[in-house]
Amino acid sequence: MKINNSNSKGESQFHETLYRLTRNKLAVIGFAYIIFMLLVALFAPVIAPYDYVEQDYEHIFEAPSSQHLLGTDNLGRDVLSRLIWGSRQSLQIAFLTVFIAAAIGIVVGSIAGYYGGLPDSLLMRFLDIYQSIPVMILSIALATALGPGVLNTIIAVSITISPLFARMMRASIMRVSKMEYIEAAVAINAKNPRIIWDHALPNAFSPMIVLCTMSFGQSMLVAATLSFIGLGAQPPSPEWGAMLTSARGFIRDYPYLITSPGVCIFLGVLSFNMMGDGLRDALDPHLKN
């Protein structure tokens, strides 16, 4: 009877990585909070006490109470309900942004890393010029050119952070392209696209998982910043950055309006960063005992 050693080895590596990850308390806390945010976003219609656009002009600027746990805003809208619904939009922006950026980065990085030579030089020099522009300034410029809105925010942030994924994928592909199984695939005249897709990418994807996890927080922060300056989600959207924009004029008299979405953004970014750090430590072979 033939034993599939590769599957056994893969399962062993998975269990070892999972074990190392669960030993990292900060990563577990970050993961738990991410799951909490996902559940809140998923069940927002059920757990939100009010509709996020429902206005009650008899209770404007109401302080936190049993009826409105986090108070109401200048239009009498329940802040807690808007935060709950806003988690859905903020997470949607973060996940879609990273997905698009990773897709672009994988294509560009795979071509540059596998083929090398002139394609690699041209693509990397272009990325050098592209990354010389600060992330926030480039995001603002693209969002301004595309116009305000959630979809344009996703496109602008995706294009801005995609070079990070391209460089990471290029480095990983260059590393695995020297392995024996790649040489064996080349020796049997396998086509380059198949070699990249079937052999190089699966073995070069671990660093991308870490980068994706940590980029969720960055994209959430950049998107919130664009909304704060009026280039992202527009009223009456409950997106957390847009809520900060609506509340900044009342920060002295009603600080709870700006504190609540600010804390949500802070905890969201922090949880993704802690989870990313934990994944990096768990997947790094140099840290294994």
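The exercises below, each with a worked solution, concern a predicted model of a protein.

**Exercise 1.** Determine how many helices and strands the protein has, and what share of its residues is buried.

*Solution.* Reading along the sequence gives the pattern α-α-α-α-α-α-α-α-α-α-α-α, which corresponds to 12 helices and zero strands. Turning to burial, buried residues account for 41% of the 289 residues. As for contacts between residues at least 6 apart in sequence, 72% of them join residues at least 24 apart.

**Exercise 2.** Classify the ring pair Phe61 and Tyr254 as stacked, tilted or edge-to-face, and state where in the chain the two residues lie.

*Solution.* A pair of aromatic rings is described by the distance of the centres and the angle of the planes. For Phe61 and Tyr254 the centres are 4.1 Å apart and the planes stand at 5 degrees, so the pair is stacked, given that planes under 30 degrees apart count as such. Next, Phe61 is found in the loop between α3 (44-47) and α4 (79-115), while Tyr254 is in the loop between α11 (240-247) and α12 (256-283), so the pair ties together parts that are 193 residues apart in sequence. Finally, ring pairs link Phe61 and Tyr254 with Phe250 and Tyr256 into a cluster.

**Exercise 3.** Classify the ring pair Phe126 and Tyr130, and decide for each residue whether it is buried or exposed.

*Solution.* With 5.9 Å from centre to centre and 35 degrees between the planes, the pair Phe126 and Tyr130 is tilted. Both residues belong to helix α5 (residues 117-131), where, being four residues apart, they are separated by about one helical turn. Phe126, at 51% relative accessibility, counts as exposed, whereas Tyr130, at 17%, counts as buried.

Definitions and conventions. Residues are numbered from 1 along each chain as its sequence is written. This is a predicted model: local features need pLDDT of at least 70, side-chain atom pairs count only at pLDDT 80 or more; totals for chains, interfaces and linings use all residues. Side-chain values use heavy atoms; hydrogens and water are left out. Buried means under 20% relative accessible area, exposed over 50%, partly exposed in between (1.4 Å probe, protein chains only). Contact means heavy atoms within 4.5 Å. Rings of Phe, Tyr and Trp (its six-membered ring) pair if their centres lie within 6.5 Å; planes under 30 degrees apart count as stacked, over 60 as edge-to-face and the rest as tilted.
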